[in-house]
Amino acid sequence: MRPRPLGLATAAGVVLLASATFYAVMDRSTGSAREGSVSASDLLAKVTSCERISDGLYRTDEERPATVPVCGAKGAVFWKADMDVDCDGLRTDKCNKDRDPWYQDDTAFHQSDGKPLRADALPYIVVPGSSALWDYTKSGVKGGGVVAVVHGNKVEYAVVGDTGPSRIIGEASYAAAEGLGIDPDPATGGAESGVTYILFTGAESKVSPIESHEAAVELGDRLARKFVGRD
(Lines give C-alpha, C1' and ligand atoms only; values in the text may rest on other atoms or scores of the structure.)
Protein backbone atom coordinates (compact mmCIF):
# COMPACT_ATOMS: atom_id res chain seq x y z
CA MET A 1 0.00 0.00 0.00
CA ARG A 2 1.19 3.48 -0.86
CA PRO A 3 -0.10 6.80 0.54
CA ARG A 4 -2.42 8.13 -2.14
CA PRO A 5 -4.24 11.37 -2.77
CA LEU A 6 -7.78 12.03 -2.20
CA GLY A 7 -24.09 -25.01 -1.77
CA LEU A 8 -22.64 -26.55 -4.82
CA ALA A 9 -26.10 -27.48 -6.14
CA THR A 10 -28.71 -25.28 -7.78
CA ALA A 11 -31.07 -23.85 -5.17
CA ALA A 12 -34.01 -21.46 -5.25
CA GLY A 13 -32.81 -18.21 -6.79
CA VAL A 14 -29.27 -19.47 -7.28
CA VAL A 15 -27.62 -20.92 -10.40
CA LEU A 16 -24.27 -22.73 -10.47
CA LEU A 17 -21.86 -21.14 -12.94
CA ALA A 18 -18.62 -23.10 -12.62
CA SER A 19 -16.95 -26.11 -11.00
CA ALA A 20 -17.17 -27.26 -7.39
CA THR A 21 -13.59 -26.23 -6.70
CA PHE A 22 -13.65 -22.80 -8.32
CA TYR A 23 -17.16 -21.57 -8.73
CA ALA A 24 -19.47 -18.61 -8.65
CA VAL A 25 -23.21 -18.46 -8.25
CA MET A 26 -25.76 -16.12 -9.76
CA ASP A 27 -28.29 -14.58 -7.40
CA ARG A 28 -31.42 -14.12 -9.49
CA SER A 29 -32.77 -11.50 -7.06
CA THR A 30 -29.86 -9.17 -7.81
CA GLY A 31 -28.56 -10.46 -11.13
CA SER A 32 -24.96 -10.42 -9.86
CA ALA A 33 -22.40 -13.18 -9.53
CA ARG A 34 -20.58 -13.97 -6.33
CA GLU A 35 -17.84 -16.42 -5.48
CA GLY A 36 -18.76 -19.32 -3.25
CA SER A 37 -22.04 -20.18 -1.58
CA VAL A 38 -22.22 -17.49 1.14
CA SER A 39 -23.95 -14.24 0.24
CA ALA A 40 -22.68 -10.76 0.95
CA SER A 41 -25.66 -10.10 3.20
CA ASP A 42 -24.92 -13.18 5.32
CA LEU A 43 -21.29 -12.15 5.76
CA LEU A 44 -22.15 -8.54 6.55
CA ALA A 45 -24.71 -9.65 9.14
CA LYS A 46 -21.82 -11.12 11.16
CA VAL A 47 -19.82 -7.88 11.23
CA THR A 48 -22.44 -5.31 12.20
CA SER A 49 -20.73 -4.47 15.50
CA CYS A 50 -17.07 -3.95 16.26
CA GLU A 51 -15.00 -5.24 19.14
CA ARG A 52 -11.94 -3.15 18.48
CA ILE A 53 -8.60 -4.95 18.63
CA SER A 54 -6.43 -2.16 17.21
CA ASP A 55 -4.92 0.33 19.66
CA GLY A 56 -6.50 3.26 17.86
CA LEU A 57 -7.84 4.03 14.39
CA TYR A 58 -6.48 3.97 10.83
CA ARG A 59 -6.61 6.48 8.00
CA THR A 60 -7.90 5.40 4.59
CA ASP A 61 -5.55 7.88 2.86
CA GLU A 62 -2.69 10.07 4.05
CA GLU A 63 -4.77 13.25 4.18
CA ARG A 64 -7.90 11.67 5.73
CA PRO A 65 -8.67 11.59 9.47
CA ALA A 66 -8.19 8.31 11.33
CA THR A 67 -11.63 6.68 11.52
CA VAL A 68 -11.23 2.94 10.83
CA PRO A 69 -10.84 0.37 13.63
CA VAL A 70 -9.66 -3.20 13.20
CA CYS A 71 -12.31 -5.41 14.77
CA GLY A 72 -12.20 -8.91 16.18
CA ALA A 73 -14.72 -11.72 15.69
CA LYS A 74 -14.71 -15.46 16.27
CA GLY A 75 -12.43 -16.89 13.60
CA ALA A 76 -11.72 -13.58 11.86
CA VAL A 77 -10.67 -9.95 12.04
CA PHE A 78 -12.31 -7.31 9.88
CA TRP A 79 -12.47 -3.68 8.91
CA LYS A 80 -14.65 -1.45 6.76
CA ALA A 81 -12.86 1.06 4.57
CA ASP A 82 -12.27 2.26 1.03
CA MET A 83 -10.30 0.43 -1.64
CA ASP A 84 -7.16 1.82 -3.20
CA VAL A 85 -5.85 -0.31 -6.07
CA ASP A 86 -2.51 -2.02 -5.58
CA CYS A 87 -0.59 -2.98 -8.73
CA ASP A 88 2.66 -4.03 -7.07
CA GLY A 89 4.44 -7.26 -7.90
CA LEU A 90 5.22 -8.85 -11.24
CA ARG A 91 5.45 -6.30 -14.04
CA THR A 92 2.69 -6.75 -16.65
CA ASP A 93 0.93 -4.70 -19.31
CA LYS A 94 -1.60 -3.56 -16.71
CA CYS A 95 0.74 -3.13 -13.75
CA ASN A 96 3.91 -1.16 -14.38
CA LYS A 97 5.45 2.29 -13.76
CA ASP A 98 3.67 3.78 -16.75
CA ARG A 99 0.23 2.71 -15.53
CA ASP A 100 0.85 3.14 -11.80
CA PRO A 101 2.85 6.12 -10.45
CA TRP A 102 3.31 4.24 -7.13
CA TYR A 103 4.34 0.94 -8.73
CA GLN A 104 6.81 -1.32 -6.89
CA ASP A 105 8.11 -4.54 -8.42
CA ASP A 106 7.78 -6.64 -5.26
CA THR A 107 5.20 -7.79 -2.74
CA ALA A 108 5.66 -8.73 0.91
CA PHE A 109 4.62 -12.30 0.20
CA HIS A 110 5.69 -14.36 -2.80
CA GLN A 111 4.40 -17.10 -5.06
CA SER A 112 5.49 -20.68 -4.45
CA ASP A 113 8.23 -20.19 -7.06
CA GLY A 114 9.65 -17.25 -5.10
CA LYS A 115 8.46 -14.56 -7.50
CA PRO A 116 6.33 -11.58 -6.42
CA LEU A 117 2.57 -11.89 -6.71
CA ARG A 118 0.80 -10.78 -9.88
CA ALA A 119 -1.68 -8.04 -8.99
CA ASP A 120 -3.66 -8.09 -12.23
CA ALA A 121 -4.30 -11.84 -12.02
CA LEU A 122 -4.48 -12.65 -8.30
CA PRO A 123 -7.01 -11.10 -5.92
CA TYR A 124 -5.04 -10.09 -2.83
CA ILE A 125 -5.34 -7.47 -0.11
CA VAL A 126 -2.83 -5.27 1.66
CA VAL A 127 -2.57 -5.25 5.47
CA PRO A 128 -1.03 -2.36 7.41
CA GLY A 129 2.55 -2.95 8.46
CA SER A 130 2.91 -4.14 12.04
CA SER A 131 3.11 -1.31 14.57
CA ALA A 132 2.01 -0.33 18.05
CA LEU A 133 -1.36 0.49 16.50
CA TRP A 134 -1.91 -3.13 15.46
CA ASP A 135 0.34 -6.10 14.74
CA TYR A 136 -1.50 -8.36 12.32
CA THR A 137 0.77 -11.31 13.13
CA LYS A 138 -0.48 -11.33 16.74
CA SER A 139 -4.09 -11.63 15.59
CA GLY A 140 -3.64 -14.86 13.65
CA VAL A 141 -3.35 -13.12 10.27
CA LYS A 142 -0.63 -14.45 7.99
CA GLY A 143 0.69 -13.99 4.49
CA GLY A 144 -1.44 -16.12 2.19
CA GLY A 145 -4.33 -16.10 4.63
CA VAL A 146 -7.73 -16.16 2.95
CA VAL A 147 -9.96 -13.07 2.98
CA ALA A 148 -13.59 -12.44 2.04
CA VAL A 149 -13.87 -8.98 0.46
CA VAL A 150 -17.43 -7.63 0.22
CA HIS A 151 -18.62 -4.69 -1.84
CA GLY A 152 -22.31 -4.11 -2.41
CA ASN A 153 -23.83 -7.55 -3.03
CA LYS A 154 -20.59 -9.08 -4.32
CA VAL A 155 -18.14 -11.37 -2.52
CA GLU A 156 -14.58 -11.90 -3.73
CA TYR A 157 -12.13 -14.29 -2.07
CA ALA A 158 -8.57 -13.03 -1.88
CA VAL A 159 -5.35 -13.67 0.03
CA VAL A 160 -3.21 -11.50 2.26
CA GLY A 161 -0.56 -10.59 -0.30
CA ASP A 162 1.22 -7.40 0.69
CA THR A 163 1.87 -5.00 3.56
CA GLY A 164 1.68 -1.22 3.51
CA PRO A 165 2.09 1.89 5.66
CA SER A 166 1.54 1.25 9.34
CA ARG A 167 -1.28 3.79 9.75
CA ILE A 168 -3.24 3.47 6.49
CA ILE A 169 -5.80 0.78 5.67
CA GLY A 170 -7.96 -0.20 2.70
CA GLU A 171 -6.15 -1.51 -0.37
CA ALA A 172 -6.42 -4.54 -2.64
CA SER A 173 -4.98 -5.76 -5.91
CA TYR A 174 -6.07 -4.87 -9.42
CA ALA A 175 -7.67 -8.33 -9.77
CA ALA A 176 -9.58 -8.00 -6.49
CA ALA A 177 -11.03 -4.65 -7.54
CA GLU A 178 -11.93 -5.95 -10.98
CA GLY A 179 -13.67 -9.00 -9.50
CA LEU A 180 -15.87 -6.76 -7.35
CA GLY A 181 -16.83 -4.49 -10.23
CA ILE A 182 -14.63 -1.65 -8.93
CA ASP A 183 -12.57 0.37 -11.40
CA PRO A 184 -9.14 -1.33 -11.19
CA ASP A 185 -7.10 1.54 -12.63
CA PRO A 186 -4.24 1.99 -10.11
CA ALA A 187 -4.03 5.75 -10.71
CA THR A 188 -7.70 6.76 -10.89
CA GLY A 189 -9.78 3.75 -9.82
CA GLY A 190 -10.79 2.22 -6.53
CA ALA A 191 -13.76 2.82 -4.24
CA GLU A 192 -14.18 5.73 -1.83
CA SER A 193 -16.00 3.61 0.78
CA GLY A 194 -18.23 0.61 1.30
CA VAL A 195 -15.68 -2.21 1.23
CA THR A 196 -15.58 -4.79 4.02
CA TYR A 197 -12.48 -6.95 4.51
CA ILE A 198 -12.97 -10.16 6.55
CA LEU A 199 -9.65 -11.89 7.21
CA PHE A 200 -10.04 -15.44 8.46
CA THR A 201 -7.60 -16.44 11.18
CA GLY A 202 -6.08 -19.60 12.56
CA ALA A 203 -3.89 -22.43 11.34
CA GLU A 204 -6.35 -23.59 8.68
CA SER A 205 -6.75 -20.18 7.02
CA LYS A 206 -3.65 -20.20 4.80
CA VAL A 207 -4.09 -20.78 1.06
CA SER A 208 -1.61 -23.11 -0.60
CA PRO A 209 -0.23 -22.27 -3.02
CA ILE A 210 -0.77 -18.58 -2.39
CA GLU A 211 -1.11 -17.86 -6.13
CA SER A 212 -4.04 -20.25 -6.61
CA HIS A 213 -7.28 -18.31 -6.69
CA GLU A 214 -9.18 -21.59 -7.01
CA ALA A 215 -7.70 -22.70 -3.68
CA ALA A 216 -8.65 -19.35 -2.11
CA VAL A 217 -12.27 -19.69 -3.24
CA GLU A 218 -12.53 -23.27 -1.99
CA LEU A 219 -10.98 -22.52 1.41
CA GLY A 220 -12.66 -19.14 1.74
CA ASP A 221 -16.11 -20.58 1.10
CA ARG A 222 -15.55 -23.30 3.68
CA LEU A 223 -14.42 -20.81 6.34
CA ALA A 224 -17.17 -18.36 5.40
CA ARG A 225 -19.80 -21.06 5.91
CA LYS A 226 -18.35 -21.76 9.33
CA PHE A 227 -18.18 -18.02 10.10
CA VAL A 228 -21.89 -17.46 9.38
CA GLY A 229 -22.89 -20.62 11.23
CA ARG A 230 -23.80 -22.94 8.37
CA ASP A 231 -21.29 -25.67 9.27
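How many helices and strands does the protein chain have? The chain has three helices and 11 strands. Helices are DSSP runs of H or I with at least four residues, strands are runs of E with at least two, and both are numbered from the N terminus.

1. Basis. This is a predicted model, in which local features need pLDDT of at least 70 and side-chain atom pairs count only at pLDDT 80 or more, while totals for chains, interfaces and linings use all residues. Residues are numbered from 1 along each chain as its sequence is written, and side-chain values use heavy atoms, with hydrogens and water left out.

2. Layout. Along the sequence, the elements run β-β-β-α-β-β-β-β-β-β-β-α-β-α. Of the 231 residues in the chain, 51% are buried. Buried means under 20% relative accessible area, exposed over 50%, and partly exposed in between, with a 1.4 Å probe and protein chains only.

3. Nonpolar core. The largest nonpolar core has 63 residues. Such a core is a set of buried Ala, Val, Leu, Ile, Met, Phe, Trp, Tyr and Cys residues joined through side-chain atoms within 4.5 Å. Leu43, Trp79, Met83, Ile125, Tyr197, Leu199 and Phe200 touch the most other members. Elements giving two or more residues to this core include helix 1 (40-45), strand 6 (76-86), strand 11 (191-200) and helix 3.

4. Contact here means heavy atoms within 4.5 Å. Helix 3. This helix covers residues 213-227. Its 15 residues should span 21 Å at 1.5 Å a residue, and the end C-alpha atoms are 20 Å apart, which agrees. The expected span is 1.5 Å times one less than the number of residues. Buried positions in helix 3 include His213, Ala216, Leu219, Asp221, Leu223 and Phe227. Just after the helix, Gly229 takes a positive phi of about 85°.

5. Ala224. This residue sits in helix 3. Ala224 is buried, with a relative accessible area of 0%. Beyond neighbours within four places in sequence, Ala224 is in contact with Val38, Leu43, Tyr157 and Phe200. Ala224 and Ile198 are 26 residues apart along the chain, with their C-alpha atoms separated by 9.3 Å.

6. Cis peptide. The bond from Ser208 to Pro209 is cis, with omega near -5°. Pro209 belongs to the loop between strand 11 and helix 3.

7. Second largest pocket. A pocket is defined on a 1 Å grid over the protein atoms alone, as an open set of points where a 1.4 Å probe fits, with protein on both sides within 12 Å along at least five of seven lines; lining residues have an atom within 4 Å of a point. The second largest pocket holds about 160 Å³ of space. That volume is the space filled by probe spheres set on the points, with grid points joined across faces, edges and corners. Lys74, Gly75, Phe200, Thr201, Glu204, Leu223, Lys226 and Phe227 form the lining. Helix 3 gives the largest share, three residues. By class, the lining has three nonpolar, two polar and three charged residues. Ala, Val, Leu, Ile, Met, Phe, Trp, Tyr, Cys and Pro count as nonpolar, Asp, Glu, Lys and Arg as charged, and the others, Gly among them, as polar.

8. Lys74. This lining residue lies in the loop between strand 5 (71-73) and strand 6. Is Lys74 buried or exposed? Lys74 is exposed, with a relative accessible area of 80%.

9. Cys71. Strand 5 contains Cys71. Cys71 is buried, at a relative accessible area of 3%. Cys71 touches Cys50, Glu51, Arg52, Ile53, Ala76, Val77 and Phe78, not counting residues up to four places away in sequence. From Cys71 to Ile53 the C-alpha distance is 5.4 Å, at 18 residues apart in sequence.

10. Ser173. Strand 10 (residues 171-173) includes Ser173. Ser173 is buried, with a relative accessible area of 0%. Leaving aside neighbours within four places in sequence, its contacts are Val85, Asp86, Ala119, Leu122, Pro123 and Tyr124. Ser173 and Ala121 are 8.7 Å apart, C-alpha to C-alpha, and 52 residues apart in sequence.
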